[in-house]
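Q: I have not looked at this one before. Can you take me through it?

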Amino acid sequence: MKIPRQAEAAPSRADEQAAAAADVIPIQNSGPSDSRFDMVILGDGYTASEMGLLRQQAQSKWDELSTTAPWDKYRQNINVWLVNVVSNQSGVDNDPTEGVSRDTALDMGFFCGGLERLLCLSEPKAQAYAAQAPGVDAIVAVGHTSKYGGAGYPSLATVSGGNEHSGRIAIHELGHSVGGLADEYFTPDTTYPGGEPGEPNVTTDPSGSKWASYLGQSTPDGGTIGAYEGGSQYERGIYRPSQDSLMRSLDKPFNLIGLAAMDQAIGSKISGVAPGTSEQAPR
Ligand SMILES: [Zn+2]
């Protein structure tokens with residue numbers, strides 16, 4: 001689920017001071033941040049005594065992400081930083097039911113906009129904590145919860161720390177925040193109301209000319225690239241490149257269009273190495 005860009009309030013001075021005091025732990029350090037992709041993992045709803053659990057859940061998200069295409073191709077050239085965000089209380093808001101409130105560092109909670117599985121947070125606070133890492137190219141905020149959910153903001157992805165689907169959800173949500181991809185699922189009986197969307201994987205053109213060079217090619221999620229009606233959460237008036245990619249179903253891979261967008265976004269931050277190696281490229 002994708003969350004549109006919002007007007008941002010600056011973090012308060014108290015929030016900035018709390019963020020500045022947070023420890024940053026390298027889960028993986030592959031090289032200097034100006035020539036590597038920097039993934040920053042935050043936690044919310046973990047108290048000071050739960051930092052070990054945060055570390056374990058952050059590592060498990062990275063393990064799953066780093067074995068999924070196209071992240072796997074770049075895994076040795078990505079820095080992964082864990083920011084130990086300490087919350088006053090354990091857990092997140094509206095978990096397991098609406099109305100439950102907890103005092104946490106990033107204000108994370110379910111039932112965002114009334115939607116149970118949508119896990120929102122304070123984007124300015126998350127950015128203040130992420131800025132403690134040596135570099136920031138993507139942010140994953142892990143919530144201390146086992147409830148199913150997540151969200152893709154323009155600058156970050158949220159995910160449940162303890163849900164069995166959470167690794168796949170993180171990969172989907174990073175499709176939004178890193179690849180700039182749209183959802184490819186839809187709600188029945190809805191019609192897309194707008195003009196040509198900016199995302200690379202949806203179009204109002206039923207011929208699929210937006211991804212013309214891929215039409216007819218077989219795609220890792222099954223079938224061939226074409227123009228399939230339904231996407232961006234609308235059933236009609238908008239088309240997606242394949243029947244059932246990761247931007248529609250969590251257990252599927254990205255389609256060719258999603259792969260290309262992710263590949264470009266990740267690869268453009270990495271220089272001085274050939275993909276898949278950690279050696280210096282020859283000058
Ligand atoms: Zn989504």
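This is a predicted model: local features need pLDDT of at least 70, side-chain atom pairs count only at pLDDT 80 or more; totals for chains, interfaces and linings use all residues.

Q: Which domains is the chain divided into?
A: Domain 1 (13-177) and domain 2 (186-249), with bounds from an automatic or database domain assignment. Their C-alpha centres lie 29 Å apart.

Q: Is strand E7 buried or in the open?
A: Of the six residues of E7 (186-191), zero are buried, so the strand lies largely in the open. Buried means under 20% relative accessible area, exposed over 50%, partly exposed in between (1.4 Å probe, protein chains only). Strands (E, at least two residues) and helices (H or I, at least four) are DSSP runs, numbered from the N terminus.

Q: What about E7 and strand E9, how many bridges?
A: Three, in the parallel sense; strands pair if DSSP finds at least two bridges between them. Thr191 has Arg236 in E9 as its bridge partner.

Q: New topic: how many salt bridges?
A: Seven, where a salt bridge is a side-chain nitrogen of Lys or Arg within 4 Å of a carboxyl oxygen of Asp or Glu. One of them joins Asp263 and Lys73 at 2.8 Å, N to O. Asp263 lies in helix H6 and Lys73 in helix H3, so the pair ties together parts 190 residues apart in sequence.

How values were computed. Residues are numbered from 1 along each chain as its sequence is written. Side-chain values use heavy atoms; hydrogens and water are left out.
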